[in-house]
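Subject: Structure handover and notes

Dear colleague,

Please find below the structure that I am handing over to you.

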Amino acid sequence: MVVGPLETNCWIYPTGPGEAAIIDPGDEAESIIKTLEKHSLTAKYILLTHGHFDHIGAVPMLIEALNPKPKIAIHNQDSMYLGKEAYKAHSISIKSAMGSTAFIDAFWKNMPLPDILLEEGSTIASFTVLHLPGHTQGCAAFWDKDASVIFTGDTLFKNGYGRTDLPGGNTEQLFESLRRLQTLDPNTVVYPGHGETTTIKQEKF
């Protein structure tokens, strides 16, 4: 489902009988909850590909509303976007992108702490975590090798890739991360943070 004014892809991915992971809930918590209810799913995890607000904005509302509470997982290098000091990190990022904090000030709720700090090679549900810095230092992809799917956040899009001009961005690192993704099975389906799905084969360059 596409959520929020920046049209972020929020994915709901089954992790077991009656259970699912919510990947990148950037906005519209009520819509996400309704989708879970429609499919009789309990959210076991909230998996964050990185910490930018358009990918995590609905986290506080989901944690308030869902019972049992899902476990929040983010790469350790983007952990500053969660917890008591998160507003500072978000304000720096939003000011760089938009010139002011107005975008987040309109919606802001204090961010909960992460439950799980991820790193390269971590496993969670059916996923292996790939650390793919470049868009942010803590960008990660969630790769289900057996299902041949990967959730790439803002690292790889259909016919594009993430920007590197925001705090923590690094163009050289991003291109190294893209080269790494190209080593995966070409038929792996890519679920990006924005835009249409694609495959590794389609994004070869």
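The notes below begin with how the model was treated and then go through what was found in it.

This is a predicted model, in which local features need pLDDT of at least 70 and side-chain atom pairs count only at pLDDT 80 or more, while totals for chains, interfaces and linings use all residues. Residues are numbered from 1 along each chain as its sequence is written, and side-chain values use heavy atoms, with hydrogens and water left out.

On the cysteines, the structure holds 0 disulfides, a disulfide being a pair of cysteine sulfur atoms within 2.5 Å. For Cys10, the nearest cysteine sulfur is that of Cys139, 17 Å away. Cys10 is buried at a relative accessible area of 1%, and Cys139 is likewise buried, at 1%; here buried means under 20% relative accessible area, exposed over 50% and partly exposed in between, with a 1.4 Å probe and protein chains only.

Helix α6 spans residues 171-181, and its buried residues are Leu174, Ser177, Leu178 and Leu181. Helices (H or I, at least four residues) and strands (E, at least two) are DSSP runs numbered from the N terminus. Seen down the axis of α6, these buried residues fall within an arc of 100°, so they line one face of the helix; the arc is that of the directions from the helix axis to the C-beta atoms. An α-helix has 3.6 residues a turn, so residues three or four places apart point the same way. The buried residues of α6 pack against β9 (127-131), β11 (149-153), β12 (156-157) and β13 (160-161), where contact means heavy atoms within 4.5 Å. Asn170 caps the N-terminal end of α6, with a side-chain oxygen 3.1 Å from the backbone nitrogen of Glu172.

As for the strands, there is an open sheet of 6 strands in the order β8-β9-β10-β11-β14-β15, with mixed pairing. Its edge strands, each pairing on one side only, are β8 (123-124) and β15 (198-199); two strands pair if DSSP finds at least two bridges between them. Strand β14 (residues 189-192) pairs with β11 in the parallel sense over 4 bridges, and Val189 in β14 is the bridge partner of Val149.

Not counting residues up to four places away in sequence, His135 touches residues including His50, Asp154, Gly168 and Leu174.

Finally, there are some backbone points to check. Most residues other than glycine have a negative phi, and most peptide bonds are trans. The peptide bond from Asn67 to Pro68 is cis, with omega near 5°, and Pro68 is found in the loop between α3 (59-65) and β6 (71-75). Ser40 has a positive phi near 55° and is exposed, with a relative accessible area of 60%, whereas Ser148, with a positive phi of about 60°, is partly exposed at 24%.

Technical notes. Polar contact = N/O pair within 3.5 Å; in protein donor to acceptor, adjacent residues only side chain to side chain.
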